[in-house]
Amino acid sequence: MALAASKVEPGTVRKGLPTYSRADLQKHKKKEERVWVSYNNGVYDVTDYVTQHPGGSKILLAAGGDIGPYWDMYGAHKQGEIYEVLEGLRVGNIIEPPEKRTVDKNDPYAKDPKRHPALIPSSERPFNAEPPVSLLLQDFITPTDLFFVRNHLPVPTIKPDNYRLNISVHGKEKALSLYTLHKLEQKSVVTTIQCAGNRRSDMVKVKPVKGLNWGFAAISTAEWSGPTLKDVLKQCGVNLDTTEYQHIQFEGCDTGPDGTTYGASIPIELARILRNDIIVATKMNGEDIPRDHGYPVRIIIPGVVGARQVKWLDKIELSNEESSSHWQQRDYKGFNSSVDWHNVDFSKSTAIQLLPVQSAICEPEDGETLPDDEEVTVRGYAWSGGGRGIYRVDVSADGGKTWVTAELQHPPSQTPYTSWAWTFWEAQVALPKGHGGKTELVCKACDSQYNVQPDNVESIWNLRGCLSSAWHRVNVSVPK
């Protein structure tokens, strides 16, 4: 298709073209109709371009809305010839201003930050969301705007000049400013963070649970930078290797309407094992940490469940006791499948720290219709807690009867015993004959200690829906 070049700045109002409201764009959101998007004040018909787009059908994520947030994610878009392609698809103008968000001063969530429209919310207040599966494998390091969001309370607003990190030892506190943290030796760690509830939606299919209905994208990877926890404690006269305290507690600045603050802790032994990699982070992917992810300071503990990696870090305390926080004592714990809310005793279960081996199929997606081929390309991610690298990922196209081994893309510069980041994988799998038009794709991972995923969800079901790590299954349609 020939695309006319234009010298007009993309998205500006062009004379002689029809005008549309943003509501008009929504009429073109469904795949069976024309696909329209907006960019600034421009309206563009991308229906025929979808098949030419290098990202394939991912452009449909912006259907009926503003393509700007997606456009800005990739620097390759910001070139003259790409703007010309965009303008060649111009069908009109939008002269209607964007809808303004009203602020309720009594709403504790009114000052929450603006989020990327691609994020799929599992709750609005507090805001929790995961990226679309179709974007999960686009980058080894997750674009910051697409990093999954897990909040328990309203997002605090913190002025950097007023910020102090309080270190409490022997009942005495020392306060460190952002300037002091920046002056300490800086270290970077690329690590995957996974919510304990990732893939909870699989457990919901077995029996109801209490918790956010996460899909399998409550997991993301970023580079975090700042001084190590070891050096921060040393700055306050504490030697991590010799202290006799049993736990390190972390408390956030986020506060609920009832005065509740978020807190968590890890055993001192775990802190010693990870002494060179626990980061008191001030940067995420080379920039200031966004508010949703803990600005200005977050504790990063590689290989450990996201619930312990406290955001908006306010206080670090050495103690002989675990954190007394609700989320340490009465949440994020594991139980067998016979325990339910009528007989649960949280005091008899240990708080989740390191996570089990995990994998998921990202391509093709559940419910997708495959091309008329003899084999299918299956792609996904795998990860295991505690720095355990991924040794193998097995993939099946017949529900787990037969398997092939996937090709692995390991995290750069990380060993099988210090693999803090996820592994991407890909496999070519022959489709079974006589499949009757449908088949079940399955994946399972094996880590460097030869831990493997359980084969079914029923055996690991628990009342909070945590640690959902059974074989991941995707049902697809195939031509008969």
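**Strands, loops and backbone geometry**

Strands are DSSP runs (E, at least two residues), as helices are (H or I, at least four), and both are numbered from the N terminus. In this predicted model, local features need pLDDT of at least 70 and side-chain atom pairs count only at pLDDT 80 or more, whereas totals for chains, interfaces and linings use all residues. Residues are numbered from 1 along each chain as its sequence is written, and side-chain values use heavy atoms, with hydrogens and water left out.

Histidine 170 is found in the loop between strand 8 (164-169) and strand 9 (172-177). Although not a glycine, histidine 170 has a positive phi of about 55°. Histidine 170 counts as exposed because its relative accessibility is 62%; buried means under 20% relative accessible area, exposed over 50%, and partly exposed in between (1.4 Å probe, protein chains only). Asparagine 285, in the loop between strand 15 (283-284) and strand 16 (287-288), also has a positive phi of about 55°. At 23% relative accessibility, asparagine 285 counts as partly exposed.

**Cis peptide bonds**

The bond from arginine 125 to proline 126 is cis, with omega near 0°. Proline 126 belongs to the loop between strand 5 (120-124) and strand 6 (127-130). A cis bond also leads from glutamate 363 to proline 364, with omega near -5°; proline 364 lies in the loop between strand 19 and strand 20.

**Strand pairing**

Two strands are taken to pair if DSSP finds at least two bridges between them. An open sheet of four strands has the order 1-4-3-2 and mixed pairing. Strand 1 (19-20) and strand 2 (36-39) stand at its edges with a single partner strand each, so one side of each is left without a neighbour in the sheet.

Strand 19 (residues 358-363) pairs with strand 20 (residues 375-383) in the antiparallel sense over five bridges, and serine 359 stands opposite alanine 382 in strand 20. Strand 20 also pairs with strand 24, antiparallel, over eight bridges; there, tyrosine 381 has phenylalanine 424 of strand 24 as its bridge partner.

**Cavities**

A cavity is a set of points, on a 1 Å grid over the protein atoms alone, where a 1.4 Å probe fits but cannot get out; lining residues have an atom within 4 Å of a point. Grid points are joined across faces, edges and corners, and a volume is the space filled by probe spheres set on the points. The structure holds two cavities of 30 Å³ or more. The largest cavity has a volume of about 220 Å³ and is lined by 21 residues, of which Arg150, His152, Arg298, Gly306 and Lys311 lie nearest its centre.

Note on methods. 1 Å grid on protein atoms, 1.4 Å probe; cavity = no way out; pocket = protein on both sides within 12 Å on 5 of 7 lines; lining within 4 Å.
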